[in-house]
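I opened this model to look up a few local features. These are my notes, entry by entry.

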Amino acid sequence: MKRSTQIGLAAAGIVLVATTLSLIGGGDEEESLVYNSLAECRAAGQLSATQCEQRFNEASANHLRDAKKFSSSSACETEYGAGSCRAGTWNNAQVFIPALAGIMLARSLAQGGGVAQPLLPPTQQACPPGSAAPECQQARSSGSSSSGASYGGGSRARAYSTTSGDRVVARSGGGAGSATTRSVSSRGGFGSSARSFSSSSS
Amino acid sequence: MRRIVLPPRPDWPEQVERLGFGFHSPDGAPYWSESAAYAFSLEQIERDIEAPTGEIEQLCFAFIDRALASEAILTRLAIPQAQWSFIAESWKRGDRNLYGRLDFAYDGKGPARLLEYNADTPTALLEASVVQWDWLEQAMARGALPKGCDQFNSIHERLVAAFAGLRQPSPFRLHLACVADSAEDRGTVDYLLDCAVQAGLDARFTEIEEIGLLSDGGFCDGANQPIETLFKLYPWEWLFRERYAPNLATARCQFVEPPWKALLSNKGLLAYLWEMEPGHPNLLPAFFEGDKRCATLGPSHVRKPIYSREGANVALVDRGAVVHSDDGPYGAEGFILQQTAPIPAFDGAYPVLGSWLVASQACGLGIREDDTPITGNLSRFVPHYIAP
């Protein structure tokens, strides 16, 4: 396919939960497309209990198949962080893979949710140990899949990675930034050319 | 490549407005036009548009290396000398670029021929990325087009991915700026801001005119927030000539598009590409005005100022006589002459194919057609699809 699989959300491994659905869909700002656990999926009430189970089963199956496999726990943790890996069996061999941290739905809820994609903990490269980025702290403190960190209250972000190595940040509200007061020495040094031309773009 | 006449959706203005596309009928004349669409085969898209787009981008990179080693070229491109090292540093550092649009003449049979490269401030983005995508989905859903049609258009997905990768560590704070009084530019920036937010960035809009200079030498937005990364829908050739030009290199700001795009967003590029690859099937012969090789173009050619937007000051010369010209304020920095491209007429309309690059990867197509062979700011955007 030569066109985007979805506009507005979850494109290219990056999903923004809640705030931008209005770009394409019905503008339901409370929709959540990332669930950290089966319990959380059920509690959210957006999918039926059966649908939640189905989506998690799909994601778990794809998870073992698609996740990067390591021969030792330490090699896996070097890439994904301490406590982020689990053992599994693949082709009759013991392997270590990053644990399932959640699922991401490929389509909007209005379209039935679509196939679920497994989400992994963020890589060490994306979230280095001690990173102050809130989405990294949230990801590390939540640990592996079983903790079921609540998601959807306040302005919170959590980092993940996909099995293809893309970085994903899911957030439930707009980004907050602190404004600091600094001394401004001048203003308005750009823009003068625009007044003599009709268009600044092409 | 065929031009297919289709009935527009009765409620098309509401349908496109719902996507945030507010400038569909500037001055009352519809700019978004879905009473026709262009149909392509997959082979036409991949062989004739996608592949040459990637190839020309690589050729442009080779040109940048060449230009940065040549004072003569930088001078010819009218790049202020004070900015040469600023541009060179951005290229050496490998500053990432976000997007660009190559405009081609194409008739579905011969090779697509490059008309120009909008490398710095391309627009007509939302309509290509989102509006025509949604149009196709709806056309297939209601049976106006067969299911299984496709479109050369992963622009949206790639923009979101590209924003996240513009700078490390990511996510980061990004300011996006354009002029205060252009609804069209603001629409483009709002859409890009949306993509940046989806990429996890802390994205904020600022008017280009309200940018300030902090006492520490950095730029700031209207709320005095430092600007560390700035997407600007505002041409480099203007930034280079305004009051803050001397601060560009010292403001510790990463710009998108990066300064090296100034070397490509210049019609002089067309003359240099032809010099590097004479006879390239996707290029048109082009020379700087005054170059004696202009004589080889014959009496029919197009005269373009090296800085020009939306067709302004472009003149079409046929057998020595100016048959069409578009007035405008450009031209002080010189002109190039380019062989007239055979822009084919489809039902009396002249389509120009805008081939989009995101992070230097060919990923989409947006077609504008006009009633004259020069695509100006009164052209219409017409959707396309790939027939199954």
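The entries below cover a strand, a helix, salt bridges and some backbone angles.

**Ground rules.** I number residues from 1 along each chain as its sequence is written, and chains are lettered from A and ligands numbered from 1 in the order in which they are written. The model is predicted, so local features need pLDDT of at least 70, side-chain atom pairs count only at pLDDT 80 or more, totals for chains, interfaces and linings use all residues, and side-chain values use heavy atoms, with hydrogens and water left out.

**Entry 1: strand β9 of chain B.** I took helices (H or I, at least four residues) and strands (E, at least two) as DSSP runs, numbered from the N terminus. Buried means under 20% relative accessible area, exposed over 50%, and partly exposed in between, with a 1.4 Å probe and protein chains only. Strand β9(B) spans residues 229-232. Are its faces buried or exposed? Both are covered. B:T229 and B:F231 are buried on one side, B:L230 and B:K232 on the other.

Next I looked for its partners. Strands count as paired if DSSP finds at least two bridges between them. Strand β5 of chain B (residues 173-178) runs parallel to β9(B), with 3 bridges. Within that strand pair, B:A177 has B:K232 as its bridge partner. Strand β10 of chain B (residues 254-256) is also parallel to β9(B), again over 3 bridges. There, B:V256 stands opposite B:F231.

**Entry 2: helix α4 of chain B.** This helix covers residues 84-93. Which of its residues are buried? I found B:W84, B:F86, B:I87, B:A88 and B:S90. I then asked what covers them, with contact meaning heavy atoms within 4.5 Å. The cover includes α2 (42-68), α3 (71-76), α8 (236-239) and β10 of chain B. Just after the helix, B:G94 has a positive phi of about 75 degrees.

**Entry 3: salt bridges.** My rule is a side-chain nitrogen of Lys or Arg within 4 Å of a carboxyl oxygen of Asp or Glu. How many does that give over all chains? The count is 31.

I checked A:R3 with B:D150 and got 2.8 Å between the closest N and O atoms. A:R3 sits in the segment before β1 (34-35) of chain A, and B:D150 in the loop between α5 (125-141) and α6 (155-164) of chain B, so this pair joins two chains. A:R3 is buried at 11% relative accessible area. B:D150 is buried too, at 11%.

Then came B:R18 and B:D134, at 2.6 Å from N to O. The two are 116 residues apart: B:R18 is in the loop between α1 (12-17) and β2 (36-40) of chain B, while B:D134 is in helix α5 of chain B. B:R18 is partly exposed at 32%, whereas B:D134 is buried at 7%.

The last pair I looked up was B:E275 with B:R66, at 2.8 Å from N to O. This one links helix α9 (residues 268-276) to helix α2 of chain B across 209 residues. B:E275 is partly exposed at 36%, and B:R66 is partly exposed at 31%.

I also noted a network. Salt bridges link B:R3, B:D347, B:E369, B:D371 and B:R380.

**Entry 4: cis peptide bonds.** Where do they sit? The bond from B:Q168 to B:P169 is cis, with omega near -5 degrees. B:P169 lies in the loop between α6 and β5 of chain B. The bond joining B:S170 and B:P171 is cis as well, with omega about 5 degrees. B:P171 is placed in the loop between α6 and β5 of chain B.

Entry 5: B:N224 has phi near 70 degrees and is not a glycine. I found B:N224 in the loop between β8 (219-220) and β9 of chain B. Is B:N224 buried or exposed? B:N224 is buried, at 18%.

B:D347 is not a glycine either, yet its phi is positive, at about 50 degrees. B:D347 lies in the loop between β15 (335-339) and β16 (350-358) of chain B. B:D347 is exposed, at 58%. I had already listed B:D347 as a member of the salt-bridge network.
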